Structures are given as structure tokens and as C-alpha cells.
Amino acid sequence: MGGCLSKPKPVEVKVELTLLDKEKEVDLMSPNGKASPFSECRLNGSLGHCSDEDTMTLRPHRKHRDYIEASVCHVKDLENGQMREVDLGAGRALLIKEHGEFFAVGHKCPHYGAPLVKGVLSKGHVRCPWHGACFNITTGDIEDFPGLDSLPTFQVRVEKEKVIIRANKQALQTQRRSKAMSKCSAVINSSTGFSHILIIGSGPAGLVCAETLRQEGFTDRIVMCTMDKHLPYDRPKLSKCLESTAEQLQLRSSDFFQTYDIEILLEKEVVSVDVKTRTVTFRDGFKIEYRKLFIATGSRPKALSYKGKDVGNVFHPRTPEDANSIATLASSKNAVIVGTSFIGMEVAAALTDKAHSVSVIGIEAVPFRKAFGEKVGKALMKLFESNRVKFYMLNEVWEMRGHNGQLKEVVLKSGKVLRADVCVIGIGSSPATAFLKQSGVHMDSKGFIPVNKTMQTNIDGVFAGGDVVTFPLALRSNKKVNIPHWQMAHVHGRVAALSMMGKASDIKTVPYFWTAMFGKSIRYAGYGDGFDDVVIQGDLDELKFVAFYTKSEEVVAVASMNYDPIVSRVAEVLGSGKTIRKRDVETGDMSWLIDKGSQ
Ligand SMILES: Cc1cc2nc3c(=O)[nH]c(=O)nc-3n(C[C@H](O)[C@H](O)[C@H](O)COP(=O)(O)OP(=O)(O)OC[C@H]3O[C@@H](n4cnc5c(N)ncnc54)[C@H](O)[C@@H]3O)c2cc1C
Ligand code: FES
């Protein structure tokens, strides 16, 4: 393909190490050599954002031996706007040069560990090439999601034209940093039914809301309740790594929640909300009063109507137990997947090396058509077919037949009978808001909760976010949309927490999601709903492509496979408020991306 982005020139990096083993107390310097903000960190009360040196350990005296210092390159080795991964002996760091200044931060994205050097550097932050998280290069703070943690930062100085990095060895190893957080200072009797903030749902929206409150210095009681029996976990992995246990997927440990006084009520289903008395009632009759409420109950899988509802081994994957059972039941057996969008197709891909056969049933002619368009859908269909997946398209399920209550056959409306030992249904989802019916919280005809740009519902003190809401999307002139992405739920959780604390902030993000199959990922940024054309660059047969989704003359979204970091680059452009025109992407010359789009 023509006009691809040129790769940065490799620079030979000479590393000189200075191991600091003298037992001298260190001066508490910030990464930029200024006085440390350490003294400004209060564990109970509002906080500044601290560097790794402040948050790695909260010991006031640290030793030189905890640090390593290395000369990593000559000042001229890096141009402005360039990044390099450099080795300090005890671990690697990402060295960045912007406007003549050097910065050093962790080199791995704390989300799934992507090499940030392959990401996009722009105006004081680096955006991850895999799923678009953004980190401030001065503070290391996470500024856009997904993921919960920030990057450690390291001191950089220039001496005799050499760039020298001084880093905490532990931070070099962990490559991640949790922001400083407050605790609860209110006297709590946990049997009382009152919480200053009550969060319904422990998915990413709920979790990020709770963490943001503590990061911003909220010191009253926070209770988060969930129907799940597990602590918050990485739900997107369920359909990609079916055998992962809840413990392997866990996002935060129980110690973490205890340390920061975030109370979690597991297996507690809310059945009603009374906004007049500010009371929430659970299925077991327990009640909690709240001062502020955050509703983040996510989605429920849509049900399929068919004959034979009582037959077992039919799943709508939502929990680690569902995913584990699917993997076990499909082992050397026949698996049938109903639905050709993300969850169904990811499960189909994950089962191909376990199951005897994998069949996919779809009502459309091509999988992924609605999200990615026909051409990309067809290319992906070929990939699945070459991995033994058999498609039954333009078809629907008529009946599930069992023997002794266990699935044996799936009968299609066409009359075709498929042998089946396990069936996975992934035909979409709807908002989990049934418990709000009598509450007075406004919902639209589909059950979504409309919120404003600060995640506030129509009721004072009641906020909502994540999959359950429609919200004003700046990218689409504040049109209210529902975007059920893992990343977007994080953003909503943060904005809601800031609003609850009276620190109103807008939803500033570009929607970003991903899907994975057969070891390959498709990344996607923007909001392509209602696209009217797709401009494809690259080679679809080789599965190395970029697809630009356009509406009239404007690019509204982008998807790519094997083309990093193009989606993150486009997200940068769209996030900066610039418009990408269809003509910009039709030529195949994408050098315009370097200049960040047209005005
Ligand atoms: C299998 C699977 C794979 C996915 N893969 C991807 C992916 O690759 N990329 C991507 O961007 N997105 C993916 N998603 C979508 C993503 O997981 C959601 O967008 C995201 O989880 C939404 O977050 P949330 O916080 O709004 O709600 P959820 O994560 O759905 O959490 C909802 C929470 O509310 C609780 N709850 C619901 N009702 C009640 C009630 N009445 N009382 C108490 N608690 C209640 C639930 O128990 C849960 O804790 C996937 C989803 C699934 C199911
Ligand atoms: S690995 Fe960086 S955002 Fe996922």
C-alpha cells in the first residue's frame, strides 16, 4: 500500500550504568528535578498526583540502593517528538523528547502490557497502540482508558550531552503505579443501611467511579454492590480466553478494596430504587439509603426465542463460570454459536482448537457486517473458514433438542439439523435497567438512561454510566448515543465521580474498542454508526488493512488489523477536534496523519 507511515529510525543506544549502593538517604526530588510533591500527598483529604517515587512506598526515607542511574543516550540521539525504549540494567524505561525536554516513564502499558514505544506521542501524552489508553508524559497519570493504573515516572537529566535516567528499581520492575488514594474517615458501622455514595454495579464504570472518588480525596463511605459473586474482573477476556478463572481475571485484590475502604457487596441484586427517600432495596429485603447514587448495571444478553427452552448446555456468556463451562463442554465435541457479532465470533474462534466442530449461525449473509461493513466481514469470514468454522448464514434457530435434558441437536429454520453438545448465544444485549421501572429515573423506549455530559440523570443526586446510558458524544455534535465498550465505561465512571464531587468535567474521549480472534486483533476508534461507505487501504486478503468508515464526506470511525498504531493515530486526530475528510483517506497516502488531519 502506498504512503504508509514511516518507521522511526533505529537509534543505537549506549547504556552506562551507575549502581548506587552507597547507603545515603536520597533527596526527595520530583521526576523533573523540582522539589517533590510528596509533602503535598495527604492520605485522608484531597491529593495532588504523585510520582512513582511518592507512591511506590510511602516511607519518607529511601535508600540509594533502591535506585539505579544510567546514561542512556546522547542528547542528539532523539529528535523532538521521538520515543525510545532504553535499558537501565534493572529494567526498561520509555525515554521521550518533546519540545527539547526529556521525559522518562514506564515503557509498558499497565492495561495489557503493550510496548508504548509503538504508540503515538502527541502534545504531552502517549497513546497506547493496542487499545488507546493515554498517559501524561510528565506525571505518568492515565488520562484516557482502558486500564486502571498509571505509569511510573523517572528522573531525567542531561550532563555533558548525555541523557541520564535515575529510576526506582521496583518501579522499573512493576511498570505500573496506582494513583494515591484517600481512605474513609467517617465512622462506619457496616450493618447500618447508609452510604454517602452507593454504586450499583462493579463493572468498569462502577469500579473506576469508586477509585476516582478516592483518588480525588473523597473520605466518606462508598459502597459498591453487584450481582456477581466475584470481585471486579476483566470481562472482555471471557470470550477470548475461555478457561481463565475469576481469580486470573480479577482487576483488584480484596486487600486493595480494604485498604481504600471501598466496600463491596457481592451477590446483592437491587430490585428497586426510591429516589424520594433515596433508598435502594435488595432482593433479600436489605435496604441502603444513599446521598448520591451511581447506576452502572451494564447490559443483559438478549434472549433468543426457540423451541426447547428447557434443554441444558445453552449459554449466554457473562461470567467466568459460563466461559469455563463452554470450554469444558466443547472439548472434542460439537459447538454451535448463534450470532455473528463480537462475543459469538470470539467464542467461535477460541473453540476451534478445542472442539471437534464449530458451527456459526447468523441471520445476515456476512459476519460483523453491521460494525465493520461487508468487505471486512467477508475477509474475516474467510479467516474463520480457514480455521474449520462452518457458517450457516441467513438462517435462524428453530429448536434445541436434547437427550436427558442435555443439548444434542440444533434445528435451523431451514430444516438443517446440526449436532451440538454446547450452544453459545451472542445476539446482542439490552440495558439492565428493569429494576428502575417505578423509580422515576427517566429511561428511553429501549430502557437506556439518558444522561447529560456530567453523567447526571433527570433526578438530582442520581448519576448513571457505562452500557446503561445514552450520553452526548462530542464527536457527533453531542448527539445522545449508547456505546457499550469497556473503555467508555471507564470514562463514564471517572466523569460521574468528578461530578459527584462537584468537579464537573466533560466526557472527553474517542470511543475505542477491540476484538480478537486467532491471535489477531481488530482495533476500532470513533463512532461509525450509520456509516455510508468504507474506504479500505492495505490488503484484506492478507488481513493487513485499515478501514475508514465515512458518513457523507467525513471519516467517522476507523478499524485496522496488523496496522498499529494507525487506529490510535486516528483517535488522536479525532480527539483533537479535527475532521478527517474522505478524500484524505481515499488517496492511500496517509502522510496527512502525521500532520494530524485537516482543519
Ligand atoms: C463476553 C464479553 C466480552 C466483551 N468483550 C469486549 C471487548 O473485547 N472490548 C470491549 O470494548 N468491550 C467488550 N465487552 C463489553 C464490555 O464488557 C462492556 O461494555 C462493559 O463491561 C460495560 O461496563 P459497565 O460497567 O457498564 O457494566 P458491566 O461490566 O456489565 O457491569 C455491570 C455490573 O452491574 C451489576 N448489576 C447488574 N444489575 C444489577 C442489579 N439489579 N443489582 C446489582 N448489581 C447489578 C452486575 O453484576 C455487574 O457487576 C464484552 C462483554 C462481554 C459480556
Ligand atoms: S494494552 Fe494499552 S490500552 Fe490495552
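## The surroundings of S150

Which residues does S150 touch, not counting residues up to four places away in sequence? In this predicted model, the list is P110, F135, G140, D141, I142, R176, R177 and K179. S150 itself sits in a loop, with β9 (142-144) on one side and β10 (153-159) on the other.

One of those neighbours deserves a second look. The side chain of S150 reaches the backbone nitrogen of I142, and the distance is 3.0 Å. Is S150 buried or exposed? Its relative accessibility is 1%, and buried means under 20%, so S150 counts as buried.

## Helix α9

Let's move on to a helix. Helix α9 covers residues 374-385, which makes 12 residues.

Which residues of α9 are buried? They are V376, G377, A379, L380, M381, L383 and F384.

## The chain as a whole

Stepping back, the chain holds 12 helices and 36 strands. It has 599 residues, and 56% of them are buried. The accessible surface of the chain comes to about 25,800 Å², with 48% of that belonging to carbon and sulfur atoms.

Taking contacts in the chain between residues at least 6 apart in sequence, 62% join residues at least 24 apart.

Notes: Residues are numbered from 1 along each chain as its sequence is written. Chains are lettered from A and ligands numbered from 1 in the order in which they are written. This is a predicted model: local features need pLDDT of at least 70, side-chain atom pairs count only at pLDDT 80 or more; totals for chains, interfaces and linings use all residues. Side-chain values use heavy atoms; hydrogens and water are left out. Helices (H or I, at least four residues) and strands (E, at least two) are DSSP runs, numbered from the N terminus. Buried means under 20% relative accessible area, exposed over 50%, partly exposed in between (1.4 Å probe, protein chains only). A polar contact is a pair of N or O atoms within 3.5 Å; within protein, one must be able to donate a hydrogen and the other to accept it, and residues adjacent in sequence count only if both atoms are side-chain atoms. Contact means heavy atoms within 4.5 Å. The expected span of a helix is 1.5 Å times one less than its number of residues. Accessible areas come from the Shrake-Rupley method with a 1.4 Å probe; for residues, only the protein chains shown count as cover.
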